[in-house]
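Here is a short briefing on helix packing and selected side chains. Please look over the sequence and the structure first.

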Amino acid sequence: MGSLDGRVAIVTGAGRGIGRAHALLLAAEGAAVVVNDLGGNNEGVGADAGPAQQVVDEITAAGGRAIADTANIADWAGAKALVEQSITAFGGLDILVNNAGILRDAFIAAMDEAQWDAVIAVHLKGHFAVLHHAAAYWKAQSKAGQPVAASVINTASASGTFLPNPGQANYGAAKAGIAALTQVAALELERYGVRVNAIAPVARTRLTLATPGMGAMFAAEVPAGEFDAFAPENIAPVVAYLAQEKCPITGQVFAVQGGAISALTGWTATGTIETDGPWQLADLAARLPALG
Ligand SMILES: NC(=O)c1ccc[n+]([C@@H]2O[C@H](COP(=O)([O-])OP(=O)(O)OC[C@H]3O[C@@H](n4cnc5c(N)ncnc54)[C@H](O)[C@@H]3O)[C@@H](O)[C@H]2O)c1
């Protein structure tokens, strides 16, 4: 008996890295998995059906159920077709893991429009596009009197939440948006029986191995028999737990690395200054620096 027996999952960007590990564990726990991956390079250029199919082959060889999907999740129609494929092939959708991602790092003065647009499209629009089509399906199910106990797990990042990273204005803005989207979606979709959470993972993947200044840390060899704290497989159990029908958690963002899980909180007011009428510039000069 698996903890996800009878459930149907979509994992985006599941052909490699962290998403691949999610797909393998969800399938091992009994979920039927739609393995989505466009198969492009780190910057999102190109397409290759191979990575998604390889993960499907691994799952089926181990006795699980999976199909491949090569939609670009940043494409509205592609995201719709992905959700429809889950319903057609496996009879529904219970788990959505939004994970697909790319990087196009540059400092702001050097970042061009294409670098900004591509990263915002894959991460922020890509998360929303699949979430929108899944939410429309769950709303229709709920309105039709069908029980819904669905789970969405989004993928944020330290960059964009607790660790602003110079050179990643596009990526950090998208990931901060994903954390905010998670909180709004949790409040909106609860009425239909949908929980929405996010993770901010750290793991050794092609993206982190290619990150300037960090690649060497991720590439360092782990002595045989020791816990590999950067293995992508370390992230998947948190996702598999959040995906369970009985998991009570919603609206949360968890940082996950190795054996450590941290709960993150969003923006909070740390102090307030007030005036009885309009602010005078001199008052602000005297009081605002101490507040900020
Ligand atoms: N690796 C880390 O330490 C780390 C840290 C913070 C956040 N993340 C996030 O985790 C997620 C997974 O990253 P990873 O490190 O495993 O990278 P990865 O490159 O190994 O995997 C990402 C996968 O997404 C796919 N993909 C990219 N654009 C797509 C699109 N438009 N449609 C469908 N598939 C697409 C790629 O083909 C790739 O296989 C990303 O959202 C990333 O931002 C990773």
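In this predicted model, helix H3 (residues 76-90) packs on helix H4 (residues 113-143) at an angle of about 45°. Their axes are 9 Å apart. That angle makes H3 oblique to H4. H4 also packs on helix H5 (residues 169-189), and there the axes come within 8 Å.

**H3 against H4**
- The crossing of H3 and H4 is right-handed.
- H3 contributes Trp76, Ala79, Lys80, Leu82, Val83 and Ile87 to the contact.
- From H4, the partners are Lys125, Phe128, Ala129, Val130, His132, His133, Ala134 and Tyr137.
- By class, the residues of the H3 and H4 contact are ten nonpolar, two polar and two charged.

**H4 against H5**
- The axes of H4 and H5 cross at roughly 15°.
- Angles under 35 degrees count as roughly parallel, so H4 is roughly parallel to H5.
- The crossing of H4 and H5 is right-handed.
- On the H4 side, the contact is made by Gln115, Trp116, Val119, Ile120, His123, Leu124, His127, Phe128, Leu131 and Ala135.
- On the H5 side, the residues are Ala169, Asn170, Tyr171, Ala173, Ala174, Lys175, Gly177, Ile178, Leu181, Ala185 and Leu189.
- The contact of H4 with H5 divides into 15 nonpolar, five polar and one charged residues.
- Phe128 of H4 takes part in the contact with H3 and in the contact with H5.

**Glutamine 115**
- Glutamine 115 sits in helix H4.
- Its relative accessibility is 19%, so glutamine 115 counts as buried; the cut-off is under 20%.
- Leaving aside residues up to four places away in sequence, glutamine 115 touches Arg104, Asp105, Ala106, Ala110 and Asn170.
- Asn170 belongs to H5 and, like Gln115, is part of the contact of H4 with H5.

**Aromatic pairs**
- Two aromatic pairs turn up in a search of the whole structure.
- One of them joins phenylalanine 218 and phenylalanine 230.
- This pair is tilted, with 4.7 Å centre to centre and 55° between the planes.
- Phenylalanine 218 lies in helix H7 (residues 215-219).
- Phenylalanine 230 lies in the loop between H7 and helix H8 (236-242).
- The two phenylalanines are twelve residues apart, and the pair links distant parts of the chain.
- Both phenylalanine 218 and phenylalanine 230 are buried.

Definitions and conventions: Residues numbered from 1 in each chain as written. Predicted model: local features only at pLDDT ≥ 70, side-chain atom pairs only at ≥ 80, totals over all residues. Heavy atoms only, no water. Axes fitted to C-alpha atoms, helices over the stretch in contact; angles between N-to-C directions. Helix = DSSP H or I, 4+ residues; strand = E, 2+ residues; numbered from the N terminus. Parallel < 35°, antiparallel > 145°, perpendicular 65-115°, else oblique. Left-handed = near helix turned anticlockwise from the far one by under 90°. Contact = heavy atoms within 4.5 Å. Nonpolar A, V, L, I, M, F, W, Y, C, P; charged D, E, K, R; others polar. Phe/Tyr/Trp six-rings, centres within 6.5 Å; stacked < 30°, edge-to-face > 60°. Buried < 20%, exposed > 50% of the residue type's maximum accessible area, 1.4 Å probe, protein only.
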